[in-house]
Amino acid sequence: DTEGLLRIKEENQKHYRRAQRHQEKKEKIQRHNRKLGDLVEKKTYDLKTQYEHLANLRRTHILELTSVIFPMEEVKTSMRDPADVSSESDNAMTSSTVSKLAEARRTTYLSGRWVCDDHNGDTSISITGPWIILPNNGDYSAYYSWVEEKKTTQGPDMEHNNPAHTISAALCYATQLVNTLSLILDVNIPKKLCNRQVKTQQGNREFCGENLSRHRFTRAVKKLNANILHLCFSQHVNLDLLHPLHTLRNLMYLVSPDTENLGR
């Protein structure tokens, strides 16, 4: 029993010495982990600082781009309310009908419900100059109406101020701006649109080439609006400000100096 007790004591001493070595290793590993933690924290702070610096650079480039090359502003139009015109042509029209027409003109069907749209048809948005404008309400029917009319009318086109020309030019500039913004922001846009005078892989020139049919034009506009919304979502633009059909107005909200997360 005494010999067995001695052996147990010796084994206990060995375990104790081994436990001390493990404790030293543990403390060493903890010190190493604390150093790594401090290093990671410093690197994280440096990375955050670099992200903020990069965001400021992107923001500066975008504001320069949209103030010098692609300036956009709201242009008031002199359109008369159809309710007023109707009331003048029909003296028997009641005031309630006039108010209903005015209300319908300022209403848009969005996300399964009717919402009030104060900008609907009252203003236009210009890009690169006051003469290149888009209807604020997203109604570009003047383009394909003009294209369909040109198919039946022969002869040179002398209408340089035709709304179809300004709509095509504005959409072309908007496409170019969106493609440039995606490069600056390093955000991949979901739809491919070409803004140059070359044919894309699908064989189309988007907006700035030959006259597009109604189907191709509508499809290209939808792709452009989808790209703009994608950029707005990536920069955390207030969703309450966005409308799926307001092409240039959504772009204005995106590149506005008031957009806090522009450049993220």
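User: Which residues of H7 are buried?
Analyst: In this predicted model, the buried residues of H7 are Thr247, Leu248, Arg249, Asn250, Leu251 and Leu254. Helix H7 spans residues 247-254, and six of its eight residues are buried, so the helix is mostly covered. As a general idea, an α-helix has 3.6 residues a turn, so residues three or four places apart point the same way. Here, Thr247, Asn250, Leu251 and Leu254 of H7 take part in the contact with H6.

User: How do I read the packing of H6 and H7: at what angle do they pack?
Analyst: The general idea is to take the angle between the N-to-C directions, where a value under 35 degrees counts as roughly parallel. H6 and H7 pack at an angle of about 20°, and their axes are 10 Å apart. The two helices are therefore roughly parallel to each other. The crossing of H6 past H7 is left-handed. On the H6 side, the contact is made by Leu224, Asn225, Ile228, Leu229, Leu231 and Cys232. On the H7 side, Thr247, Asn250, Leu251 and Leu254 make the contact. By class, the residues of this contact divide into seven nonpolar, three polar and no charged.

User: In what order do the strands of the open sheet lie?
Analyst: The order is E1-E4-E5, three strands in an open sheet with antiparallel pairing. E1 and E5 are the edge strands, each pairing on one side only. Neighbouring strands of this sheet are turned by 35° against each other on average, direction ignored. Helix H5 packs on the sheet and touches E1, E4 and E5. The direction of H5 makes about 100° with that of E5.

User: Over how many bridges do E1 and E4 pair, and which residues stand opposite each other?
Analyst: E1 and E4 pair over five bridges in the antiparallel sense. Met72 stands opposite Ile127 in E4, and Val75 stands opposite Ser124 in E4.

User: How should I read the two faces of E4: are they covered or open?
Analyst: In a regular strand the side chains alternate between the two faces of the sheet. For E4, Thr123, Ile125 and Ile127 are on one side, and Ser124 and Ser126 are on the other. Both faces are covered, with these residues all buried. Five of the five residues of E4 are buried, so the strand is largely enclosed by the rest of the structure.

User: How do the axes of H1 and H5 cross?
Analyst: Angles over 145 degrees count as roughly antiparallel. The axes of H1 (residues 2-69) and H5 come within 10 Å and cross at roughly 165°. That makes H1 roughly antiparallel to H5. H1 passes H5 in a right-handed crossing. Arg58, His61, Ile62, Leu65 and Thr66 of H1 make the contact with Leu177, Thr180, Leu181, Ile184 and Leu185 of H5. The residues of the contact divide into six nonpolar, three polar and one charged.

User: Is Leu185 buried or exposed, and which residues does it touch?
Analyst: Residues under 20% relative accessible area are taken as buried. Leu185, in helix H5, is buried, with a relative accessible area of 2%. Leaving out residues up to four places away in sequence, Leu185 touches Arg58, Ile62, Leu231, Gln235 and Gly263. The C-alpha atoms of Leu185 and Arg58 are separated by 6.6 Å, although the two residues are 127 residues apart along the chain.

User: What is the relative accessible area of Ser168, and which residues does Ser168 touch?
Analyst: Ser168 is found in helix H5. Ser168 is buried, with a relative accessible area of 13%. Not counting residues up to four places away in sequence, Ser168 touches Tyr143, Phe207 and Cys208.

Key: Residues numbered from 1 in each chain as written. Predicted model: local features only at pLDDT ≥ 70, side-chain atom pairs only at ≥ 80, totals over all residues. Heavy atoms only, no water. Buried < 20%, exposed > 50% of the residue type's maximum accessible area, 1.4 Å probe, protein only. Helix = DSSP H or I, 4+ residues; strand = E, 2+ residues; numbered from the N terminus. Pairing = 2+ DSSP bridges. Axes fitted to C-alpha atoms, helices over the stretch in contact; angles between N-to-C directions. Parallel < 35°, antiparallel > 145°, perpendicular 65-115°, else oblique. Left-handed = near helix turned anticlockwise from the far one by under 90°. Contact = heavy atoms within 4.5 Å. Nonpolar A, V, L, I, M, F, W, Y, C, P; charged D, E, K, R; others polar.
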